[in-house]
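Biologist: Could you take me through one part of this model up close? I'd like the contacts spelled out, residue by residue where you can.

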Amino acid sequence: MIPLVSLVDAALHFLDPAVLARVLFDGLAKASIYVMIAAGLTLIFGLMGVLNFAHGSLTAIGAYLGGLVMVTFAASASGNVGRIALFFVAIVVVFALLTAFGGAMEVSLIRPLYDRPPLYQILLTFGITLVLEELLRMILLFYDIQPSTDWLAAQGTRPEVISKTHDVFGLGVEGLEVFQILLGVAITAGVWLFLTRTRYGLYIRAGSEDGEMAQALGVNVHQAFTVVFGVGVGITGVAGALLMWDSAWAASINLGAEVLLPAFVVVIVGGLGTFRGTVVAGVLVGFVDAFTTELFTSDIVGFSALPELFIFLILVGTLVLRPQGLFGVEEVGGH
Amino acid sequence: MAISEPTDAPDDGATDADGGTATADSADVASETATGEHYLVEYLRGHVAHAFVVAFFGLYPFAHTFLTGSLVGAEMAMFLPRVQTMITVFYFGLFAMSFDFISGYTGYLSFGHSAFYGLGAYFVILVANGKVPLLGSGTPFMVLLLLAGILAVVLALLMGSVAFRLTGVYFAMITLGFAQILYVFFSNWDYLGSNPRDGIAVLGRQDGFSIGVPYVDSLNMSIGQLQGDTFTWGMDFAAMTGIDALAPISHTIVLGPGEVSYYMVGLVVLVCYFMLQRIVHSPFGRAMIAIRENEERARAVGYDTFRVKMGAFAISGFFGAVAGGLFTGYRTSVAPENSFYFLTAGDALLASIIGGFGTVAGPLFGRLFHEGLHEFLTKEGGGLLPYLRSQLGEGTLNTVIVDGFTVAEAIEVFLNGRAGLYIGLLFVLFVLYVPNGLLGTLRGYLGGTVAGQVAAAVKRRVRGWKL
Amino acid sequence: MSHLLELADVHTYYGESHILEGVSLHVDPGETVALVGRNGVGKTTTLRTALQLTPPRNGTVTYDGEDVTGSETHEVAQAGMGWIPEDRRMFSQLTVDENIQVAVKDSERVDAHLDRAFEAFPDLREFRNRKAGNLSGGQQQMVAIARGLVGENDLLLVDEPSEGLAPQIVEDVANALRAVSEDASLLLVEQNFPLAMDLADRFYLMDHGEVVHSDTTEGVSADDEEIRRYLT
């Protein structure tokens, strides 16, 4: 039990503008990450009803691929601008490769299972994750990179402006967090525009509500599945590349498991298949994470795993109170 | 929980489903309630299969010793799992069976099943360390297993009361959520030990854990890697009397701690198997299958589906915790990663799919397959690697394949400890091409006249899993 | 002569249950054909079979001279077969505009087709930015018909258009269908027998997965002994 006095203390602590600003800012950065790691998953689930258990390992592959581009060319791209430009090259490469990979995976492995119950898609992607993780481990060992610890060489390619803590109105603002927020907002906006402003996005939204009806109106839902699975995996890879620079996540074989569960939580809390829900849930989880982290680091609560615990409490709470999620429609895909 | 069977229960062709038609390979009610004249045949075949499997496991340690000592010993040591490995197969197989009992039979994927396993595992050690109020650290192990099971029943009823309002992915996710909450909690609660993240081990208890009749010393055998009992059967008259001439009539069988643990853990798992098997073939089991195939119809014909699901979940939780208890009873240590973590349930899923989803014994065989392959591809226990090293010779090993990459290095990278990769590939192939698993497929072949019915039942099962 | 749609001895199953047990029927260009019969005799399945949503196990479906049996549903739809399904199947999270846009196959001229839809159904114009899930049943039925209209279909499969609607709304829907039938052939499943006879030129009477009777609608009434036997 937390005594009343410390509750008051805690409240006062968060009323300090500097603390509040930092928590909000951290929350925003974490929110960007949560939205990024869940975006690909939610697209795929929304249209196809496939809960992609390989999501985590695909994120890890994205992190390593991004890191590979950075480490290989870092020497020839020095300075802040050069490195950031290189990073954008890296995410384009990661996106292209993983989109192609995801598309191929859908055509060759997932497609034969559409006639079977959803359980089999969960099983299959679960199997794929085992294979991908071991393959990745094998490749890393081949190149003498220690798979289970953070890949520090990749983190070392961060430009100075991102590694530094900047002084903004007397507050310490980490460059990395600013970068994460900007990239998170840009990619969220990109996905949003793709879904709402393009014809393909329209097909995806229609197909995720009622695939059969969309087909009967002439939409090639199979092709849309391939595209969405590819793009979903591509975005997942980009999220991985972004995490590669963040020492709290970093490229390692464990990144897959670290990412998978929070991504599930965000997607389920937001409502399976709604991108808007995912964004809102990502923001919610991000702020709760930042707030509970602060509770621990400022010694108000002595339980170090508070943020992790809260993520799962949010999951269970949502499923108890509102199973369809914040923005989910009841019985999505239940035709 | 008493479940009265509705008079117009959907798929019972005969009334003998709970009359002991126990077949190791047939868990689906429909497959064995064929027609009257096949009943006896089915019955006998079932018991032949059981007797054969029990005899196989019963003789395994002897066979292992004999074969690995024979002319082809090196090859045998490579292929045959060690007795210690088989113990793991037993307790984890029981966990996988309990997972499959709820997931494979009712269609509700219990992705957080590791909660029960972890509960049983932690409970045993915490009691032994005197960390559980009211229970002395010397409480008999069998009592602990029972109490762990009861605790798991309570947990299952709590989880189920919330979770069974949901179906499909949502059910899987809420159980996962519960298990992860426990995982986080047990990884960080410093009451458990000085470094909860690394797990806990038995500290105080000297005598190890024994399996047998509680409070009757002579009917107990200790298990454990180090503290396990040994067992001598027969009389060494020569040694007793000092008369060498008696040697020809002195025969003893000595079982080391490993073998004793093997038999005792195996015994508990066997008893649990028969209990699960019995339940599956009872009217209650039929109700579970009815839910899997079509829950609405099951409700319409009069089953109280919520109570059946709760009951099934509680039973499955009970055996999951017993499995966890056996795990720490034998290993005397546990970490959050190998108990409460969600991938523990993932391993059970793997075992169930490979062995046969919706069969009672299948998950055990699936786990045997998994452990066997794992051992085959690791350095320990005389798997493929030591064999290759001893057979290939220096010259071959140092041959460069490409760019300074030698055969030895290739073995290291592609084989050593790479069981996960090959298990994963196999798993994917199973999901794609052998969806009924080893036992399920075997059942299809053995079915003979009921093959058609089996196929139909399997199809119904597959379709019954709904999102 | 060539039929627009022809089902020849079609057998369709749901899993193991045999739903259509040899249905043969045809629709000619310009015709409106009604499919009548009790609930559960396979009328909806007949429409789904035509669209290849539930492909037949035996028999053939020919559309516009082409054998489409086993084709992808979207290909059949692209060939000019539209579906106005039971319960209207709105994309409830999409706006009325978007619902209709999805159905436009000619992506070069989306706006022109939208304008055409709103000319045909002026009442929908004021709801065009509202989510389809929030519309009334009658309005949704209009959107469903509009979706059939903008797809430039030669044949529309219409399933229970009057179901669950108030009588005066049914009249509106009937008028809309009449208007649409000027441009396209209709295969209409309708429980309301007088309405079906009023809209259609010919009808097929189904029972237990088979066509048991067919005739022109002229002078037919539900009091006919033969028809009553199959409808009650």
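This is a predicted model: local features need pLDDT of at least 70, side-chain atom pairs count only at pLDDT 80 or more; totals for chains, interfaces and linings use all residues.

Modeller: Zoom out a bit and you see the setting, the interface of chain A and chain C, where the rule finds four salt bridges. On the chain A side 19 residues take part, in contact with 27 residues of chain C. Together the two chains bury about 2,100 Å², and carbon and sulfur atoms give 56% of that area.

Over all chains, a search of the whole structure turns up 18 salt bridges. One to look at inside chain A pairs Asp289(A) with Lys30(A), at 3.5 Å from N to O. That pair ties together distant parts of the chain, since Asp289(A) sits in helix α13 and Lys30(A) in helix α2 (residues 17–48), 259 residues apart.

While you're at α13(A), have a look at how it packs with α12(A). The axes of α12 (residues 255–270) and α13 (residues 275–297) of chain A come within 7 Å and cross at roughly 120 degrees. Because of that angle, α12(A) counts as oblique to α13(A), and the crossing is right-handed. From α12(A), Val266(A), Val267(A), Val269(A) and Gly270(A) meet a set in α13(A) made up of Gly277(A), Thr278(A), Ala281(A), Gly282(A), Leu284(A) and Val285(A). Sort the residues of that contact by type and you get six nonpolar, four polar and no charged.

Definitions and conventions: Residues are numbered from 1 along each chain as its sequence is written. Chains are lettered from A and ligands numbered from 1 in the order in which they are written. Side-chain values use heavy atoms; hydrogens and water are left out. Axes are lines fitted to C-alpha atoms, for helices over the stretch in contact, and angles run from 0 to 180 degrees between N-to-C directions. Helices (H or I, at least four residues) and strands (E, at least two) are DSSP runs, numbered from the N terminus. Angles under 35 degrees count as roughly parallel, over 145 as roughly antiparallel, 65 to 115 as roughly perpendicular and the rest as oblique. A crossing is left-handed if the near helix is turned anticlockwise from the far one by less than a right angle, and right-handed if clockwise. Contact means heavy atoms within 4.5 Å. Ala, Val, Leu, Ile, Met, Phe, Trp, Tyr, Cys and Pro count as nonpolar, Asp, Glu, Lys and Arg as charged, and the others, Gly among them, as polar. Buried area is the accessible area (1.4 Å probe) that two parts lose on being put together, summed over both. A salt bridge is a side-chain nitrogen of Lys or Arg within 4 Å of a carboxyl oxygen of Asp or Glu.
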